[in-house]
Amino acid sequence: MTQKQFINALAKNAGMTTTEASDTMDAFAALITDCILDDQTVMLQGFGSFEKKTKAERKMYNPSTKDYRTIPGSTTIAFKPSTLLKDKLNPGQQ
Amino acid sequence: MSTKITTQALSDMLAEKAGINKRTADAFVKAFVQTVIDGGISDGVVKIKGLGTFKTVKVADRESTNVNTGERFLIAGYTKLSFTPDVDIQSSATTETAPTESETSAPAIETPAPVAETPKVEAPKVETPAPVVETPKVEETKAETPAPVVETPKVEAPKVETPAPVFDTDATKTYEKPDDGKPAPSALSQLYDIVKKYKKWLWLFAVIALAVIMLVILLSKNKNHEEPQQQTNPFTETVPATQSGPRIEPSAEEPATDENKRPRIHILQKGETLTTISVLYYHTPDSMGAIWKLNKFPDPNNIPLGTEIQLP
């Protein structure tokens, strides 16, 4: 599903126009991002939770060059699906 | 600790941010969830600009082992929803955390700098005494000034190589200068420095010296042991008196130095061998073969005690 298809479907489900849905989606994405980057966990009921995950700096060994290289730490956003979502994706499984 | 934002709180914030009423915002959030799930189930991939990509991934069936019973069993496959954050968010997240890292790392970078500088500061400190040493000389004799200039690099360079030149140069210099009254402490400190420098070598030298002394003692002991043996071995009066005295009654008092006086028969005692008998009577173990031949022992290593041995 592309961005356009998603906006169309979202507009249909939310009872909005496509433009309204697009604008609101932008605001919603920015809101979620801001909250996550503020070290907050965003929980969407029946869907899952988004949270910031920090990866520590680590050393990597390159066997071909026999060289140690430090990979700097990074920050990413992790999504953890809720059990309700798992049930919806896997109907008939407990 | 991270605080949790619930769906309700999020829809309230969205209403405020997007300028829509709360009911619409709530409906939008619910529609968002529903659309992503539907899109994930139907298409497998849902791309959302500014947030990321949701993908449904199928995990195949796999076998596993029950650790307690050791039985193999099948874990059924399932579908999961994975999320990959947008590149922009990823980069903004890393950049946002980067300042905090740089703040923390900044002092870490700064700290080595002073550490690196300190040796630089120490170096001039070491150098400064040298000019101080030289200055009085300059005051005393102007002609000597070029000489210390040449000497100072010598003092710096051979620090590791040989301590002796350091001693010599300082001895001439410091004893002229220390009218302040500190000649002894400087020499002592230098001696201490040298001892400190060559501490490891001193230990090694001490160990080697000890080993040599031990070797010498051992060698001298061995010599002492050998000498008494040599004294007893010769076929003099003492040997037959102590060893063969009780055994050879007829020849106890007169050990066989001449062929006439030598007994013709020897009674074997405990601890004796043909070799010892040969040494006893003929001063050499070589006659053992002759004794053996004469007596015709089946096994020369196993002769019963009290056997009469004929002597050739």
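This is a predicted model: local features need pLDDT of at least 70, side-chain atom pairs count only at pLDDT 80 or more; totals for chains, interfaces and linings use all residues.
Biologist: What is the order of the strands in the open sheet of three strands in chain B?

Modeller: Strands of a sheet pair through backbone hydrogen bonds, either parallel or antiparallel. In this open sheet the pairing is antiparallel. The edge strands, S2 (45-48) and S6 (78-85) of chain B, each pair on one side only. The order is therefore S2-S3-S6 (chain B).

Biologist: At what angle to S2(B) does helix H2 of chain B run?

Modeller: Helix H2 comprises residues 22-42 of chain B. This helix lies across S2 and S3 of chain B. Its direction relative to S2(B) is about 140°.

Biologist: Is Pro304(B) buried or exposed?

Modeller: Pro304(B) is found in the loop between helix H12 (288-295) and strand S8 (308-310) of chain B. Its C-alpha is 7.8 Å from that of Leu268(B), although the two residues are 36 apart in sequence. The relative accessible area of Pro304(B) is 54%. A residue counts as exposed over 50%, so Pro304(B) is exposed.

Biologist: What is the area of the nonpolar surface patch that includes Trp201(B)?

Modeller: Trp201(B) belongs to helix H9 (residues 199-232) of chain B and is exposed, with a relative accessible area of 57%. Together with Leu204(B), Ile208(B), Val212(B) and Val216(B), Trp201(B) makes a nonpolar surface patch of about 510 Å².

Key:
Residues are numbered from 1 along each chain as its sequence is written. Chains are lettered from A and ligands numbered from 1 in the order in which they are written. Side-chain values use heavy atoms; hydrogens and water are left out. Two strands pair if DSSP finds at least two bridges between them. Helices (H or I, at least four residues) and strands (E, at least two) are DSSP runs, numbered from the N terminus. Contact means heavy atoms within 4.5 Å. Axes are lines fitted to C-alpha atoms, for helices over the stretch in contact, and angles run from 0 to 180 degrees between N-to-C directions. Buried means under 20% relative accessible area, exposed over 50%, partly exposed in between (1.4 Å probe, protein chains only). Patches are made of residues with over 30% relative accessible area and no salt bridge: like charges are joined within 9 Å, nonpolar side chains (Val, Leu, Ile, Met, Phe, Trp, Tyr) within 5 Å. Accessible areas come from the Shrake-Rupley method with a 1.4 Å probe; for residues, only the protein chains shown count as cover. A salt bridge is a side-chain nitrogen of Lys or Arg within 4 Å of a carboxyl oxygen of Asp or Glu.
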